[in-house]
Amino acid sequence: MTTRLQKEARKESLMINMGPSHPAMHGTIRIMLELDGEKVRNSEVEVGYLHRGFEKTCENKTYFNLLPYTDRLNYVSPLINNVGYVMTLEKLMDVTVPERAQYIRVIMSELSRISDHLTALAAMTMECGAFTVFLYYIKAREEIWKVIEKTTGARMTTSYIRIGGVRCDLHPDFKKDVDRAMKVTRDVLKDVKGLLDKNKIWIDRTRDVAVVSPDMAVNYGFTGPCLRASGVKYDVRKARPYLIYDKLDWVVPLGENGDNFDRYMVRMKEMEQSLRMVEQCIEQIPEAVPEAKGEINPHEAIKAARTQKPDEEIRLSPNLKGSEKEKYPTILSDKYGVKVPPKEDTYTTMEGLIQHFKFFMKGHGIRPPKGEVYFSVEGGSGELGYYIVSDGSDRPYRLHLRGPCFHIVSALEEMIKGHYIADVIPTFGSTNMIGGELDR
Amino acid sequence: MGKIRPIQKYSYYQKTAHGGFIATKLNYAIGWGRKFSIFHYPFITACCGMEYMSAACAHWDFDRFGVGMTTFSPRQSDLLFVVGTISHKEAPVLKTVYDQMVEPNWVIACGACAVSGGIYDNYAVVQGIDRIIPVDVYIPGCPPRPETILNALLKLQDKIQKQKQDLRWNIVKE
Ligand code: SF4
């Protein structure tokens, strides 16, 4: 098959193929380059190597069941994807979320954003040869993931944000843990700044490489750090504040030139802002319902309900900690039918059991009204929008995702034009291409 | 018409590897050497790659087990780490990479997607890479925790130690 590039190429040019199994291409993208000496004359980007049929699969899943698929879109910041999807549905169904749950969502989003930026910069710097920085970044990410794991139960694919709220409350030591993680992250950011900000090699490789002008960025549909690096002040969290972002005090960091260095700098500054936001959230968050003592396994609960009076106290098994019945009003919406009923009810009362079955039964469960809805949140690499068409049944008629990477990668050809072949790699790294989100 | 002789499958050394004392020791020694010097090629496509990164970095650090050397050329690697979803578009690439590897080589399928297609049971995803290439160790999990990856590496080392070593670099023509 001849590609566009092959047809247009000059006879004397050298054609080179980069990827998909190339260390810098993350295994999921292919760039064909037409070289003039060491300079890129022209290029063509081919995507689709990680097409997993996300949108089509979602049409066959209930609204509740497709939540895990959204984890795997931008897999570096899964919690933001959850928030985006869940809030789209909440907009359609008109669900209000308790305040504490909103704060938890913001905390989790910001922690995810930090881990996203850490990973993006880690990959970018490693590909330029700064391996020490890579190890430092991953160290910080590890600490953040520890906090996330302790609350959500999983390191990456958490499915923690649920329709109507969150799955469970923050764990009791959350503040201590998150303080520690933030301290490590701050130290790492400081170290990295010392290593890179005035490093001649780093500056030479990134300054004035792949400059994106504000016009070009807007025309291509850039969002997120890449757009802000070009100096356009657009952040979904400021432009259309959702959750409790308008109660927090933070600024939108901007770049000046829109080159690779600015994209690095904006991400570094955004992480600091995210840390600030987490700090403020922890101060402002409404008090939790105190922890209950004692625990019981589901089978014991069922036994007790059969033989004893049903008003006896039932505690949950340890793996359901944080989602006790008393906590439900603070973490989940009180709207009927959008949430799984508390397990205490399911195991001990008829009413709760029926509710539980109704929730998971085919054709029942979450059924939003007919209509279509679009909602977007600020994802790790830009505006992450969901578009859902509902026909009134329990699964979406159509679900479309606006992945920020797609628009940024579409500008790659223009960004690397005229630069050296070695510049392709940091440029590509600075776009933070995530296959799951790009090809879906 | 003479009798058809069975095809000679193994070289001289391998045939005797079960018999003689020296050959067994040689087999053992080579296995020991091989298991601690695995050069691996990470074929990373999707989410599991993040956990692979964690396992490779300082917190878990699989260099402790002699798997630290990452080579990005299949021709210089012994172990193919298939991490993440393999779609039908990616499959020929994976096959090519595998075919380029020199023998002896091993393959680890890391994550539910590489093992069986995982949660993506649809038109786009290959339902397990063992439909394309042979796999030595399967790592379950979506994504597997770094500890699981380390465990798989230990299992692979066990396997390398115990298997009959491929000695084709020193074939004695009969
Ligand atoms: S197994 Fe799960 S985490 Fe791993 S690539 Fe597949 S979907 Fe992603």
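Colleague: At what angle do helix α2 and helix α6 of chain B pack, and how far apart are their axes?

Modeller: In this predicted model, helix α2 (residues 21–35) of chain B packs against helix α6 (residues 146–162) of chain B at an angle of about 155°, and their axes lie 7 Å apart.

Colleague: Is α2(B) then roughly parallel or roughly antiparallel to α6(B)?

Modeller: With that angle of about 155°, α2(B) is roughly antiparallel to α6(B), because angles over 145 degrees count as roughly antiparallel.

Colleague: And is the crossing left-handed or right-handed?

Modeller: The crossing in which α2(B) passes α6(B) is right-handed.

Colleague: Which residues meet there?

Modeller: From α2(B) come Tyr28(B), Gly31(B), Trp32(B), Arg34(B) and Lys35(B), and these meet Gln157(B), Ile160(B) and Gln161(B) of α6(B).

Colleague: Switching to chain A, how many helices and strands does chain A have?

Modeller: Chain A has 20 helices together with 8 strands.

Colleague: How does the radius of gyration of chain A sit with that of a compact globule?

Modeller: The two agree, because a compact globule of 440 residues would have a radius of gyration near 22 Å and chain A has 24 Å. Along the principal axes, the C-alpha atoms of chain A fill a box of roughly 85 × 45 × 35 Å.

Colleague: What percentage of chain A is buried, then?

Modeller: Of the 440 residues in chain A, 61% are buried. As for contacts in chain A with a separation of 6 or more, 69% are between residues 24 or more positions apart.

Note on methods
Residues are numbered from 1 along each chain as its sequence is written. Chains are lettered from A and ligands numbered from 1 in the order in which they are written. This is a predicted model: local features need pLDDT of at least 70, side-chain atom pairs count only at pLDDT 80 or more; totals for chains, interfaces and linings use all residues. Side-chain values use heavy atoms; hydrogens and water are left out. Axes are lines fitted to C-alpha atoms, for helices over the stretch in contact, and angles run from 0 to 180 degrees between N-to-C directions. Helices (H or I, at least four residues) and strands (E, at least two) are DSSP runs, numbered from the N terminus. Angles under 35 degrees count as roughly parallel, over 145 as roughly antiparallel, 65 to 115 as roughly perpendicular and the rest as oblique. A crossing is left-handed if the near helix is turned anticlockwise from the far one by less than a right angle, and right-handed if clockwise. Contact means heavy atoms within 4.5 Å. The radius of gyration is taken over C-alpha atoms; the globule rule is 2.2 Å times the number of residues to the power 0.38. Buried means under 20% relative accessible area, exposed over 50%, partly exposed in between (1.4 Å probe, protein chains only).
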